[in-house]
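User: I'm new to this one and would like to go through it step by step. Could you take a look with me?
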Amino acid sequence: MQKIGVFVCHCGTNIAATVDVKKVVELVRYEPGVVFADDYMYMCSEAGQEKIIEAIKEYKLTGLVICSCSPRMHEKTFRACAEKAGLNPYMVEVANIREQCSWIHKDKEEATKKAVILARAAIAKVNLNTPLKEGESPVTKRALVIGGGIAGIQTALDIADAGYEVDIVEKEPSIGGRMSQFDKTFPTLDCASCILTPKMVEVNQHPNITLYTYSEVEKVSGYVGNFDVDIRKKARSVDADKCTGCGECSAKCPLGKIGNIPSEFDRGLRNRPAIYMPFAQAVPAVPVIDRANCTYFKTGKCGVCAKICPSKAVDYEQQDEIVTVKYGAIVVATGFDIINLDKFGEYAYNESPDVITSIELERLMNAAGPTGGHLERMSDHKQPKDIVFIQCVGSRCDSEEKGKPYCSKVCCMYTAKHAMLIKDHWPDTNITVFYIDVRTPGKNFDEFYRRAVEQYHVNYIKGQVGKVKPQPDGSLLVQAADLLDGKQINMKADMVVLAAAIEPNPGVRKIATMLTASIDNNNFLTEAHAKLRPVESPTAGIFLSGMAQGPKDIPETVSQAGAAAVKVIGLLAKDHLKTNPCTAQCDTLLCNGCSTCANVCPYGAITYDDVQVMDHGLRETRRVAQVNLALCQGCGACTSACPSGAMDLQGFSNRQITTEVDAICR
Amino acid sequence: MPMNEENKEFRPLIVAFCCNWCSYAGADLAGSSRLSYPADVKIIRVPCSGRVNPMFILRAFERGADGVIICGCHPGDCHYSTGNYYARRRMALLFSMLEYIGVENGRTRVEWCSAAEGAKFSKTMNEFCEKIQSLGENVRLGDLRCKN
């Protein structure tokens, strides 16, 4: 029998307001195994922990039950505290009487009753706990960054500068991400490529960074400190070692003029050849052949690029290559895209070329863009006089099928930026912005927005646009309601710009599944703790950087990228990691070697060995399951699959869970 | 006639198995967002929904539980890749067997709830409690020796 100490926390009034803490202490005092029970204002405080340590020593406790907040919050704290007093940390159980009791129940009597039941279940479990010892696993001192936008670039640079090797996997032919498409950045109006390109070059030249562009993560196995990742290097059809990046091939590709292949980088505003670099400053400066569109790959004829290439770098025979690399940590920096606007037919995005998204406007205003930075309508190439901006297209949307419930965070600011930039170049342009709310929290953000209103006289109207109608004369009729004076507005515009909602990169779900990283309803990656661990995934060894975690602007992305890098460096700096001791165990006397457990194990941790067993006085050789403790992650799939009950999970054993059920149903 | 109309005081006993990574965290979020559900629900933390042995559920009914709910990560999101798929199949089989012996299908449920779905967790528990309330006390499978 264990000697158990029960400690009930008030958590200020968080618990004590709805749970009669003293009564809980009285009621659990006579539970089997309990030799000591007490309460304290804040169990997690230093004084509270001191109390626990004293009690362990005085009553020679062998088990602890802490009735407090969620074990996800402070289980670690209390385990460390037990260890300090010489008790095995796995002899501690936490009864969650805050998140799952006091915070959700109002009736004090009822909540107290439930708290007692939860405490009893934990006490019953501790009675069956056994001391467990953590193993050790080595750490591979190399990190993987998935995504080569500003988030991935910054994370990789920070890790590499600390002396660790980093690989970046980017699915596009060049790194740079969304930021490379932008013209200027708010609130300083810095030119985006002027601040991004040097970083891209630095990544390319850094001795600790390896770039895998035009590549995708194919398979991930292993666990924190020891991930095995398969990376598919898609065939570029150009030998990167030979190519000098002269651009002759792209210039001479016959499809450049007649191909009608929309440029992804320019959001379809101009065409590109079949052999192409996404943009002039691409890193690496090596083109790729788009095999789906290339005449040579479609018909076997043409081959102009191979003939013209001065360094004979074009290689039509190149195959996809899969490389397997070991990593200690993985950072997800997969970034964002804007939502598909097919469901927003009222804005005529698919009908009129003069209704564009903000990111298309970025391209139109960029000196390297399809119009050389001259703002013009895509229909008749005339400069627009009246421009209407529509905010929150799909953001803060009530209808879940249509848009997103969240605020995309950056649209208010970039719209103010666009309005100011246009007014700067073409002061006689009339600009109207339809908004729901203008949200400008951030350093120098509100000042920036006020400049747009006060200095540049941008016309902000609080109201939603109901319809955009293309007119026979080529203009657009914008129908809206002014919410402040209740009037209907019919406005003629030459160009309409939609601030489309931001969503995580569509590929992130597949990556999250491979990494077993949690994802929320909107496909943003979930943090380990929303406030205290914002750059870590709940899955150990996976870190989050940039928009993949939630909408944020460039300064925030860069800060988060740095924070993720620090966490990775902290992990890679260790030589060994403690492994979870809650692993599966096989009772060789019960096991009949049926392989059911090995079939359900997601980690391949179960093998079979012939062992000598003594059964009823007879010595015999049997084929039984063996668990590789280094691979076992403690999910317990094998334990419920085992038909003979031979498999059990330490820390969550069949007896422990059954006894919890009994305690609750008593 | 449903049990609760005779006995307004009937309070069901509900055991919820929650996986550590998604639904237990979802329950925590429901708590920190103060989204209430009846105190009849008692949560047992398991590493994965795939860890829930059918014996635990039978045991709960035997010991007087009126409803049992298993919560795991959404399909495709299991922290251990596949545990929730096994749970889903295993429970489908178990629940049909339980129905055959008289434990109504409404008393057993599998629900997916992510760490971000505190509201869903609370809503699910409210619905489930209401359902059990309407079904009344579970009389099948109870260990007669445990009754007083």
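User: How many salt bridges are there across the interface of chain B and chain A?
Analyst: The rule finds seven salt bridges across that interface, and please keep in mind that this is a predicted model. One of the pairs in a salt bridge is Asp662(A) with Arg59(B), where the closest N and O atoms are 2.5 Å apart.

User: And which elements of chain B supply residues to the side that touches chain A?
Analyst: Strands S1 (14-19) and S2 (41-46) of chain B, together with its helices H2 (23-32), H3 (54-62) and H4 (83-100), each supply at least two residues. The largest share comes from H2(B), with seven residues.

User: What kinds of residues are on that side of chain B?
Analyst: They divide into 26 nonpolar, eleven polar and eleven charged residues.

User: How much area do the two chains bury between them?
Analyst: Chain B and chain A bury about 4,100 Å², with 57% of that on carbon and sulfur atoms. Of the area that chain B buries against chain A, Arg45(B), Arg51(B) and Tyr80(B) supply 16%, more than any other three residues.

User: Changing topic, where is Ser102(A), and is that residue buried or exposed?
Analyst: Ser102(A) is in helix H4 of chain A, which covers residues 98-102. Because its relative accessible area is 5%, and buried means under 20%, Ser102(A) counts as buried.

User: What does Ser102(A) touch?
Analyst: Leaving aside residues up to four places away in sequence, Ser102(A) touches Asn14(A), Ile15(A), Thr18(A), Val19(A) and Ile97(A). For Asn14(A), the backbone oxygen lies 2.8 Å from a polar atom of the Ser102(A) side chain.

Methods: Residues numbered from 1 in each chain as written. Chains lettered and ligands numbered in written order. Predicted model: local features only at pLDDT ≥ 70, side-chain atom pairs only at ≥ 80, totals over all residues. Heavy atoms only, no water. Helix = DSSP H or I, 4+ residues; strand = E, 2+ residues; numbered from the N terminus. Buried < 20%, exposed > 50% of the residue type's maximum accessible area, 1.4 Å probe, protein only. Polar contact = N/O pair within 3.5 Å; in protein donor to acceptor, adjacent residues only side chain to side chain. Contact = heavy atoms within 4.5 Å. Buried area = accessible area lost by both parts, 1.4 Å probe. Salt bridge = Lys/Arg side-chain N within 4 Å of Asp/Glu carboxyl O. Nonpolar A, V, L, I, M, F, W, Y, C, P; charged D, E, K, R; others polar.
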